[in-house]
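Visitor: I would like to learn how to read strand pairing and helix packing. Please take one case of each.

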Amino acid sequence: MEAPIEQAPVDPMLAEMGENLNKAIQILEDGQREVADDRERRKYSRKDIPGPLQGGGQDVASILQLVQNLMHGDEEDGRWEHRRMQNVGEQGHMALLGHSLAAYISVLDRERLRKLTTRILSDTTLWLCRLFRYENGSAYYHEDDREGLLKVCRLVIHSRYDDFATEGFTVLGSQQPVVYQSAACRMGLGQYLCSQLGLPLSCLCTVPCNTMFGSQHQMDVALLDRLIKDDMDSGKLPLVLIANAGSPGAGHTDKLSRLKELCIQYDIWLHVEGVNLATLTLGCVTSSVMAATKADSMTLTLGPWLGLPAVPAVTLYRHEDPALSLAAGLTSSQPVEKLRALPLWLSLQYLGHDGIVERIRHASQLSQQLLDHLKKQASIKTTGMTTRFRVPPISGGSLQDVLGSLVLSIVEDELNSPVVVFRFSQDSSTASSVGSAEGCLGWEREVQDSLNRWLGERLVQLVPASGVDVVDLEDEGTCVRFNPLMTAAVLGTQEADMEALVARLTEIVPLLSATLRLRQEFREEVYRHATLAYVEDLGWPGLGAIRYLPRSEEPDAGRRQQEVEKVNSDLLRKLKELDADLSFSTGPEFGPEKNCVFVGMATEDLDVAELVKTIASLGKDIEESGKLLENMTEVVRWGIQEAEMQLQKASDQKLMEEGVLRQIPLVGSMLNWLSPSQSSVQGRTFNLALGSLDTTEPTYSSRTQTGGETPPTTPTSSVSKQLPGHKLFRRGHGSFDAPDSTSFLTPNETSQSWGPQDGSTGLPLQAEPVLTEADTQGAEAGFHVR
């Protein structure tokens, strides 16, 4: 890049523009540190409701405040802290300033605008071609990263069909054009090209990847050769080949040297795109990526690579006819169109050559650091990753050894990539001591995919600055991907974040291993209980799902379903109250299975049999207590009426025996003193569990012998008896004492006495219910009637 020019007085308008931009960014960034009270106050603010345009207008501060509210107003307390926010440093401010300058420069007179835009465009193109080793190239700047390839395809059509500019699509009928793309290309890219070019989908040919030798994410070159020959024999015209220097999924690079040879042989335009193109700026570049410099065009996405917001993507290409480039839209005669490069022009100057290379090198070092740690994890498998920048030493030996080392070095060079893709993988032979039914039935991969999806989502939550994400690959399945070239500069990822990522991964892997090993045991334990049903959900990252089936004679299916829903809902609530290392939930929000309990990740010392036994016992308690409470109202009403009727009969009988004189207050007292009456009305005790009504004489006689009133027995709860400092369901600890099915309700626990205790007749009848409900074992009720 050129040496800095001599400093001159700055235009006051430009200085004011930069100052206003800094103030605006400061106001917007302050919204991230806004206190919770202000967010709650804005939650119901009418400013967020669309309304008519104000007639008097608003000042800049009010408008920026509205933008800030729209950016952060819908975020709940603390949620924004876990979101990935772009690390907008000074280089980002330069990119943002470029957009403001573009609007300011566009109002200059035409001649000054033409000179300025030509200088900006030529400087930026020259810098990029030197940075990425692309000699004699031109550049096209575009917002959509697919637009450059679209313009290149139009350029090739204009070049290969001489009358296309005048005849249009009719000239394509003589020879149908063909665009080749790898099966590992971006999803929807070929369809986008056909749609924008007005071509049928039959013009798109997707080339499968390798199946025998090499990476399974590389284009099969031999098959491509046969496809091209077949198309030419059928009268078609091969136009463009789209290759990857870093596939979107796994980051692998196609065999670009061999593909370039085919393109030269059949006169096909070779276009390359991918994240690995960023490594062209480094001093040491693999031969597979270096071959991209010989391509006819390549697309660069500098924004995420360098952490620059709102900068355009760039397509570098080589073509000698400027008229065709203008017809294809790769160049423009309008000076304003050339201002797209202004944000990138400013940012590249701010970073400098060394700053750009350092950012790419830092991302590659982060990738190598993570890869070195992953190799030490026994249950973590990387997909096609090998140690970068390492060539096997060739020492004295047989020719076979020398050739073997050479082939190995070539294969490793092709698979080198700054993208690290890994997944948790455990063989079915070690996953379960009793044998993995998932592996036997071919479901093991789906189960491990769910565990890896949970692993990736968990790592994103625990270490958001790492930039990892979840990717689904056709052959490997669900994996966790670390693509530092796309995230490190944006998120500000450092080596400490990699250390934190590895530490979290080391903590989570034992949970995944234990869960995968205990899944089959959990299933078998559930099958041993008649009241439990195992719910098959291979996509659930945990032990599994379980449903309690209450015994019901209800003929209506709807009411039976409601009963199942209520029992399992109460069961889930009870399980969440237990002090255990397990998580219980209702499962995925939009999952197919409802009315069941999903059990989460398991630890190595989990006692699965005790867990299932506890779930069955709690479900039985909830079912029986629910039935008891449903019938309690009718039973209590009947008990009160029956007790009152029997006591009224006993009171009338006593009146007949004692006579009327004893009922007169003064006379009755004198008669009772002279001749005490021996008759009394005995109370009644009602056993709610047995539904029987008895006298209180046995109760009072037993209490008299013990010297006082016996306090009621506290019902035994089914809450686990837990040792201090220990969690439930762990092997080696007393964890749960399941209640005996026969001790759910006992007469001694559910009976209370009532009746006269002072020898009075108790003519004024009053029913006073006393209800005591146990937590999980049931309920008892007694009625004292005086």
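The dialogue below takes up a strand and then a helix pair.

Guide: This is a predicted model, where local features need pLDDT of at least 70, side-chain atom pairs count only at pLDDT 80 or more, and totals for chains, interfaces and linings use all residues. Residues are numbered from 1 along each chain as its sequence is written, and side-chain values use heavy atoms, with hydrogens and water left out.

Visitor: Which strands pair with β7?

Guide: Strands are DSSP runs of E, at least two residues, and helices are runs of H or I, at least four, numbered from the N terminus. Two strands pair if DSSP finds at least two bridges between them. Here β1 (residues 138-142) pairs with β7 in the antiparallel sense over five bridges, with Tyr317 as the bridge partner of Ser138. Strand β6 (residues 297-300) also runs antiparallel to β7, joined by four bridges; Thr299 stands opposite Thr315.

Visitor: Are the faces of β7 buried or exposed?

Guide: Buried means under 20% relative accessible area, exposed over 50%, and partly exposed in between (1.4 Å probe, protein chains only). In β7 (residues 313-317), five of five residues are buried: Ala313, Thr315 and Tyr317 on one side, Val314 and Leu316 on the other.

Visitor: At what angle do α14 and α20 pack?

Guide: Axes are lines fitted to C-alpha atoms, for helices over the stretch in contact, and angles run from 0 to 180 degrees between N-to-C directions. Helices α14 (residues 342-374) and α20 (residues 495-527) pack at about 25 degrees, with axes 10 Å apart. They are therefore roughly parallel (under 35 degrees; over 145 is roughly antiparallel, 65 to 115 roughly perpendicular, the rest oblique).
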